[in-house]
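Dear colleague,

I am passing on the structure we spoke of, together with some notes on what came out of it. Please read the notes with the coordinates open beside you.

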Amino acid sequence: MDFQNLRARLLIHYFIGSIVSVFGFGVVFIFHTLEFSSSESLLLFWIIVFSFINMIILEFLAFSKQIKPVKTALTAASPSLVQLRTAYKRCLDFPILTFRRIMLPHFLGVTVPATFLVIGLIFTDRLNVPYVYVPIACAAAFLVASMHGMIEFFLTTRAMLPTMRKLNKKASLLFHQDISQGHGTYFSIRKKFFISAMFLSIFPTLLFAVATIARLNEYQSHLLAEYTSWAAVVIIIAFFFAVLGSILLTKDILAPLEQLEYGLRGVQNENIRKLENYYSDEFSKLISGFNHMADSILEKQNMNEQLNDSFFTVFAATLDARDPYTAGHSLRVAEYAQQIGRKAELSKEKLSLLKKAALLHDIGKIGIRDEILLKDGKLTVTEYETIKLHPLIGAEILQEIKPKEAMEPLLPGVRHHHERFDGDGYPDGLAGYDIPEFGRILAVADGFDAMTSDRNYRKGMPVDKALRILRDGKGSQWDPYYVDLFLACIKETELKKAANQ
């Protein structure tokens, strides 16, 4: 039933347009422009009827072939995904196929038999007109067919929309697929608008010129040469201004659309920015609407980032609160790591990930028993081996958090912050630049805070001593590059403090 409605709608458009084009052109252009005897008029009328029937047969055959993929998908009890995709693509192509059909079986189906029949009648003296009228009539028929094709293009585009929605709905229900995505642009707005504007501008001039040439040849043939040269100049001027006007109008329409497309690409790439609104027409409302949407997205994005940062900070503080002697450790490590990252000129995105990894670098200690984690005194070998498991436990915990994509960049820092540059660290014994970047940075930040912080079994060492140990450990325990950056950060901080005192 759905296909029957679609076919009926398309055929009604086509038949009405064809009757207006063929018989309207035949009656108005031929019979109103030229004068014929009653017998000649009857002959021409039957030529038009015969050509019209020939055109209908040829075009219906082409139409049936072109609509077949849509028919298959709409009439099948359980269409396949391939059939639905093929039908959807055919719906997209159908407006341009309709235009081509009108310019080929439609135009040629009328023009070719009519041309040969008219030439035959002129040759046998049954039609008393000069042969020059044949190409004039063909030119006029081409213009009318072009206009008909353009109108059918837009009517077919509208007619196909409900069918496309239905096909996409079927694909969604049967296969959970959105077949409306990824099909690309088949006929751009630029082409549609430019060609339509140019043709609508030049069509009346061309049709009037053709009709006037026929009229002059009928009554004032002595003026025909003079008029033809004059008409050619007028047509060239009209064509020039039609092209120029179409280009300017197309650019004026496309400029805000391209601006909106640029803005939407930014949204897609998470690079949201407001657009300049310097329009005084309906596009002003569209740009304003986009900017309002951009403001809302940015506001929610900022809110989400704040909530996200608060979550990591609170979580780190909760972890540190388990051991009063390490309170604030994760926050301090995050700050030191940020200083190193900024000195290393990491991107804003990397700095944010580094901070999160630093805040959660000891999350694996959740899996360590209190009697070991909070032991007052030196750990046994077995207990120390248990403590050494916390980077692995932390990585395993983060791997279970959804979405995985959000946690994956944090895993290297959490898992490898106890690796040594010489390969004697844990848990994987990585060495040198095989240790991930975040692991090498966090190793420096974590090591410095561990040395300078008080523990239940020892007092934190002075900063100068910790810095000396960092220098001595370059290339063995820590990455020399990041140690040097951290030392530079500490020096800058001391200079600032001295300047403020």
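**Overall dimensions and domains**

The protein chain has a radius of gyration of 40 Å, whereas a compact globule of 501 residues would have one near 23 Å. Please keep in mind throughout that this is a predicted model. Along its principal axes, the C-alpha trace of the protein chain spans about 125 × 60 × 40 Å. The domain assignment of the chain gives domain 1 as residues 3-283 and domain 2 as residues 323-500, and the centres of domain 1 and domain 2, taken over C-alpha atoms, are separated by 71 Å.

As to secondary structure, the protein chain has 17 helices and zero strands. Of its 501 residues, 41% count as buried, and the accessible surface comes to about 28,300 Å², of which 62% belongs to carbon and sulfur atoms. Among contacts between residues at least 6 apart in sequence, 69% join residues that are at least 24 apart.

**Two residues in one loop**

I then turned to histidine 417, which is placed in the loop between α14 (411-416) and α15 (437-452). Histidine 417 counts as buried because its relative accessible area is 2%, under the cut-off of 20%. Its side chain makes a polar contact of 3.4 Å with the side chain of histidine 390, and a further polar contact, of 3.3 Å, joins the side chains of histidine 417 and histidine 418.

Alanine 431 is classed as partly exposed because its relative accessible area is 31%, which lies between the cut-offs of 20% and 50%. Again leaving aside neighbours within four places in sequence, the residues in contact with alanine 431 are Arg420, Phe421, Asp422 and Gly423. Finally, alanine 431 and aspartate 479 are 48 residues apart in sequence, while their C-alpha atoms are 9.8 Å apart in space.

Technical notes
Residues numbered from 1 in each chain as written. Predicted model: local features only at pLDDT ≥ 70, side-chain atom pairs only at ≥ 80, totals over all residues. Heavy atoms only, no water. Helix = DSSP H or I, 4+ residues; strand = E, 2+ residues; numbered from the N terminus. Buried < 20%, exposed > 50% of the residue type's maximum accessible area, 1.4 Å probe, protein only. Polar contact = N/O pair within 3.5 Å; in protein donor to acceptor, adjacent residues only side chain to side chain. Domains from an automatic or database assignment. Contact = heavy atoms within 4.5 Å. Rg over C-alpha atoms; globule rule 2.2 N^0.38 Å. Areas by Shrake-Rupley, 256 points an atom, 1.4 Å probe, with all protein chains shown as cover.
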